[in-house]
Every structure is written in structure tokens, then in C-alpha cells.
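Here are my notes on the model, as promised.

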Amino acid sequence: MNRIQQQLAAKNKILSIYFTAGFSNLNDTKSLIEELSRNKVDIIEIGLPFSDPLADGPTIQSSSMQALQNGMTTTLLFEQLKDIRNTVAIPLIIMGYFNPILQFGVENFLKACRQTGIDGLIVPDLPLEIYLSDYKILFETYGIQMIFLITPQTSEARIRMIDEHSNAFIYMVSSTGVTGSKDQFEENQLQYFERIAQMNLKNPQLIGFGISNKITFQQAIKHQKGAIIGSSFIQFISKNKISDIKNFIDNIL
């Protein structure tokens, strides 16, 4: 099993944290990962900043623009991560859009992921069909897991197809909107969580978009394996020191 599968098998309830590489400061990436790994976080998603995001809300968009202005690039990210496996054992995932990956070269990107210890990719704008026809063999060659997203509007047939071609987890987008924090989920969202749970998919699901506090985290893990927190964490680190991360995590768990 890869690190993602091992962690999902070992833990009952998963907390995954997303942050944008190069934010708040250009060289925060490694320190953020190390501090998160010391504070009960199970999986870390490293955002690869992009100038034209499709699914990101204002907070993550702003952090991406700041990171790019700081000088973050794909090459620099891999340079920052080159020794990360000397200090961090938990799964690491890069989440980003396909354009920077394509510019870097897909095989070169996957090779760099393997060399630095990245376990998986989340690429919201890479369709399943294109992945299967053009890139699946490359992903398997370098041992990188591809993680696909579903939404409340995704058909059952599509969900089962994604489940068939996944080997890590399924990223459940909680709503049809962009990323952002909420105080609690609405009834229709809770019904969506329960509906997916009743499908008995082979891959566990992690819920993202809208997880911001203990209430939304507990709502998310009632039926699913875990939850992903992004926007509220980025807001936190924009106003606090990296050494304060324990306070943020303690208020979630």
C-alpha cells in the first residue's frame, strides 16, 4: 500500500489540511508541512498556485496570487520539498490545475513528485477520460495516486466510474460553489453526504469545501472518512505565526 492507503487504513477519522505553497511567505512551505505533521494532521495538501483558478474561492485565489507575487514556481516548490521526507512521514498531496503541470511536462512533474516523496495529485480540471487515455500509465509508472472530485450533481454512474479507477480516496466537494468557509452545513448537503455513504464505494471519501470549525468537521466525518480544511486555515496563517498552528488544529478536533 502507498502512504495514502496506509493512513486511511490506520486512522478512523482523517483530517487533511490544504495550504498554498509560497504563502504567506515564499519559504514557509517546508515549515508549514513540518508543523502540521507534528499536530495531529493526517494528510497535507500542498496547493500549487495558478493565476487562473476555476474552483477556488476568494481566500485561496488571494493566497495563490500572493504566492505567485512572492516568486513561487513549480521548480521552486520541488526544490523546497527535496528533503521533506527526512522529517515528515504522513501522506503529501499536490493540488493544482493542469496548466502548470503541462508546462512543466507531465512526466517530469510525476518524476519530481516521486523523487520528493509526493504521494498523490488532485487536478480538478483534468477529466477522468483524458487521465485514463493519456496519463494513467505514467501515474502508475511513478507510483503517484490520482484523486478525483465529485459534487452533489455528479451522477451515480459517474461516481462509480471514478471509484473504479481510484486507489486512494474520493474528494467529495460539499457544494456546487467554490471553496470557502461555512459555520455549518445545510440539510441538503447532509443528505448528499449520507447518499454517497450508502453507495458503499470501495474508496473512502474526504469532504472538502466549507469545512471551517469543529461543527462542520464533525458533520463531515459522520458518514465519510474525513474532511479537508483549506480556506479557514489559510485565513489563520495569514494572521498568525506558524508556531500557532496547534491552536487551530485543537479548535477543530
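1. Which backbone oxygen lies 2.8 Å from a polar atom of the side chain of glutamine 80? The backbone oxygen of leucine 26 does. Before going on, some housekeeping: this is a predicted model, where local features need pLDDT of at least 70 and side-chain atom pairs count only at pLDDT 80 or more, while totals for chains, interfaces and linings use all residues. Residues are numbered from 1 along each chain as its sequence is written, and side-chain values use heavy atoms, with hydrogens and water left out.

2. Staying with glutamine 80: it sits in helix α4 (residues 74-80). Helices here are DSSP runs of H or I with at least four residues, strands are E runs of at least two, and both are numbered from the N terminus. Glutamine 80 counts as buried at 12% relative accessibility; buried means under 20% relative accessible area, exposed over 50% and partly exposed in between, with a 1.4 Å probe and protein chains only.

3. The side chain of glutamine 80 also makes a polar contact with the side chain of asparagine 27, at 3.4 Å. Polar contacts are pairs of N or O atoms within 3.5 Å; within protein, one must be able to donate a hydrogen and the other to accept it, and residues adjacent in sequence count only if both atoms are side-chain atoms. Leaving aside neighbours within four places in sequence, glutamine 80 is in contact (heavy atoms within 4.5 Å) with Leu26, Asn27, Thr29, Lys30 and Met72.

4. On to the rings. Phe, Tyr and Trp rings (the six-membered one for Trp) pair if their centres lie within 6.5 Å; planes under 30 degrees apart are stacked, over 60 edge-to-face, and the rest tilted. That rule gives 11 aromatic pairs. One of them is edge-to-face, phenylalanine 78 with phenylalanine 109, at 5.1 Å centre to centre and 70° between the planes. This pair joins helix α4 to helix α6 (residues 106-116), across 31 residues. Phenylalanine 109 is buried at 0% relative accessible area, and phenylalanine 78 is buried at 7%.

5. Phenylalanine 233 and phenylalanine 248 make an edge-to-face pair too, 5.3 Å centre to centre with 65° between the planes. Phenylalanine 233 belongs to helix α11 and phenylalanine 248 to helix α12, so the pair ties together parts 15 residues apart in sequence.

6. What covers the buried residues of α11? The cover includes β1 (14-20), α2 (29-37), α3 (58-70), β9 (226-229) and α12 (245-250).
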